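Try each task before you read its solution.

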Amino acid sequence: LISNASDALDKIRLLSLTNDDALDGNEELTIKIKSDKEKNMMHITDTGIGMTKEDLVKNLGTIAKSGTSEFLNKMTEMQSDDQSTSELIGQFGVGFYSAFLVADKVIVTSKHNNGTQHIWESDSNEFSVTEDPRGNTLGRGTTITLVMKEEASDYLELETIKNLVRKYSQFINFPIYVWSSKTETVEEPIEEDDAEAEKKEGTDEEAEVEEEEEDKDKPKTKKVEKTVWDWELMNDIKPIWQRPAKEVEEDEYKAFYKTFSRDSEDPMSHIHFTAEGEVTFKSILFVPSTAPRGLFDEYGSKKNDFIKLFVRRVFITDDFHDMMPKYLNFIKGVVDSDDLPLNVSRETLQQHKLLKVIRKKLVRKTLDMIKKIAEESYNEKFWKEFGTNIKLGVIEDHSNRTRLAKLLRFQTSHSDSDVSSLEQYVERMKEKQDKIFFMAGTSRKEAEASPFVEQLLKKGYEVIYLTEPVDEYCIQALPEFDGKRFQNVAKEGVKFDESDKTKEKREALEKEYEPLTNWMKDKSLKDKVEKAVLSQRLTDSPCALVASQYGWSGNMERIMKAQAYQTGKDISTNYYASQKKTFEINPRHPLIKEMLRRVKENPEDETASDLAVVLFETATLRSGYQLGDTKAYGDRIERMLRLSMNVDLTEKVEEEPEEEPEEPTEEEALEEEEVKEEEEEDEETTSTEKDEL
């Protein structure tokens, strides 16, 4: 009904542009709402174009007859091209009849410039139109009076009316007033009798004299609380998205954001744009300064109500599942379109093809806005609050993956505290480096201490440290960046650029250690590893366990096994988990050298075999994997300790001596006798009681 009133006001405003006398009947252009609880009525009055008797019969006597769309057609025919009529909300003929959802009876009083004031009345079955016996009380315009149904009495409550107006019609072009009350404290003059009575109550005479001297000139007053009724403006916030972005001040954006989002802090960034093409809409989007609480609670299933959709400044809905993709669920803003139909249910609107076009443009503009945040502010504030969202975006949004990849930030070995973008990493890459190296772990400290990064750091390569659970998924979803592929340093495929001389040396070493690698693969670590090879990536560690290119790294295995829904029956999970790994050994390490010597001397050497298994299990732990049998590992370590400390392997643990029962003292013995005697007496009494019964 408010939207209809707005249309009526727009019509008279358009007519007044060409006809100076159009506004003579009533200069003001307003909508006023008054609720009358005693009479169970609500009045909605506008000073719009009004209706003649013919209009009342023609427009209100026919369901779904939209006077607005007809008016638009006429205006388009009559008007010159330079004046816009798109301000009209329009196509709202059904809107008037929605009044019967809450009202038993609807009375429409209307006055048009070209006729007298008439009253249209209907109970939804039939209607009547009569001339108003009161004459011209409106000047110009329409009053709709709803005689409310019993169950709809809540709509007469002031708070309900105010909330509805604020929610749906906050940005209507014309002022909307609600007749409401407020309590004010006013000063009223005190009558003489009251003043004297008050004076008698006083006890301190000196104080009285002072007061009298001060108040001789002033009339005596007292504070009284009064209920004052007046018209209260409901829509004082202007739809700033309707104005060109150049004309809107920064402070206006901040004030608008705080009002519509109910956030107390200024937004981090905003973008104001008009999209044209298949669908035309205006929009303002904001990035809040802090992440909303529970951002990832029910991620994906929770409805996103931060984007509010308006059609011609009338609020339609914020109940969207997919107005914005899941990962941008923190963006707040308004979208106002003239192209979407108003006379459809919200469910239909969800599926509307134009919404998909709007969504696509909103995502692009949002990513542009995030990209324009200053580097320092982005790293310090945005990334800390919304970094996980961007990573999830890389996983979920294939079409914008390249744009999102540029927004990623990670800790790297280049700096102890600052985060780096992938672009910065690529700029700093070595001349013949063709891959982006990364290492995943539970913390930076763990990733830095990993045996996999030893050689890389020694040679001066930069390594990206992935410390959050989502990081490795995110990198897996990125096949490459700027033509450079990603290399997990805990997996196969780490190769360095080497000269012919170095290559010859490496090949000679491989031949020298062939007995040991074959012995490990076929004998000591049979069924545990895919193969044993000499490592290029180790410097200080004796060995490491390397995943195959498509297997799980230690970090990924830990994450996957921690999933709440993990049952151990999933075929793909079991496939990745059961992939055998490569055992890499460091040929420069003294332990490995000693093992080679022992295996050459005696392939059946039990100590060497034990050492190989312990090294394998230690490497399993250091590489981030879990041990299958921790007890056997513990027993093996104990055996090694016994050997190193010259303790006999067969020596048993000394048994604990059994405790002998202590003899009671004389006092305790006496106490025990007394207790026994009492128990015997109790037994006798209970038996005699039983006999009596």
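**Rings, charges and helix faces**

In this predicted model, ring pairs tie Tyr168, Phe171, Trp241, Phe256, Tyr257, Phe260, Phe286, Phe310 and Phe315 together into a cluster. A search of the whole structure turns up 27 aromatic pairs.

**Exercise 1.** Classify the pair formed by Tyr257 and Phe286: work out what its geometry is and which elements it links.

*Solution.* Start with what you need: a pair of aromatic rings is described by the distance of the centres and the angle of the planes. For Tyr257 and Phe286 these come to 5.0 Å centre to centre and 50 degrees between the planes. The centres have to lie within 6.5 Å, and stacked needs planes under 30 degrees apart while edge-to-face needs over 60, so this pair is tilted. Next, place the residues: Tyr257 belongs to helix α8 (residues 250-261) and Phe286 to strand β10 (residues 281-287). They are 29 residues apart, and the pair links distant parts of the chain. Last, check the burial: Tyr257 is buried, with a relative accessible area of 0%, and Phe286 is buried with 0% as well.

**Exercise 2.** Find which lysines lie over the faces of Phe306 and Tyr461.

*Solution.* Take Phe306 to begin with: Lys332 lies over its face, at 4.9 Å from the ring centre. Now go to Tyr461, where Lys430 lies over the face at 4.9 Å from the ring centre.

**Exercise 3.** Decide how the buried residues of helix α2 are arranged around its axis.

*Solution.* First list them: in α2 (residues 53-60), Leu56, Asn59 and Leu60 are buried. Then look down the axis of α2: its buried residues fall within an arc of 90 degrees, so they line one face of the helix.

**Exercise 4.** Compare the span of helix α1 with the expected value, then say how many of its residues are buried.

*Solution.* Helix α1 (residues 2-18) has 17 residues. From first C-alpha to last it reaches 25 Å, close to the 24 Å expected at 1.5 Å a residue. As for burial, α1 is mostly covered, with 12 of its 17 residues buried; among them are Ile2, Leu9, Ile12 and Leu14, along with Asp7, Asp10 and Lys11.

Note on methods:
Residues are numbered from 1 along each chain as its sequence is written. This is a predicted model: local features need pLDDT of at least 70, side-chain atom pairs count only at pLDDT 80 or more; totals for chains, interfaces and linings use all residues. Side-chain values use heavy atoms; hydrogens and water are left out. Rings of Phe, Tyr and Trp (its six-membered ring) pair if their centres lie within 6.5 Å; planes under 30 degrees apart count as stacked, over 60 as edge-to-face and the rest as tilted. Helices (H or I, at least four residues) and strands (E, at least two) are DSSP runs, numbered from the N terminus. Buried means under 20% relative accessible area, exposed over 50%, partly exposed in between (1.4 Å probe, protein chains only). A charge sits over a ring if NZ of Lys or CZ of Arg is within 6 Å of the ring centre and within 35 degrees of the ring normal. The arc is that of the directions from the helix axis to the C-beta atoms. The expected span of a helix is 1.5 Å times one less than its number of residues.
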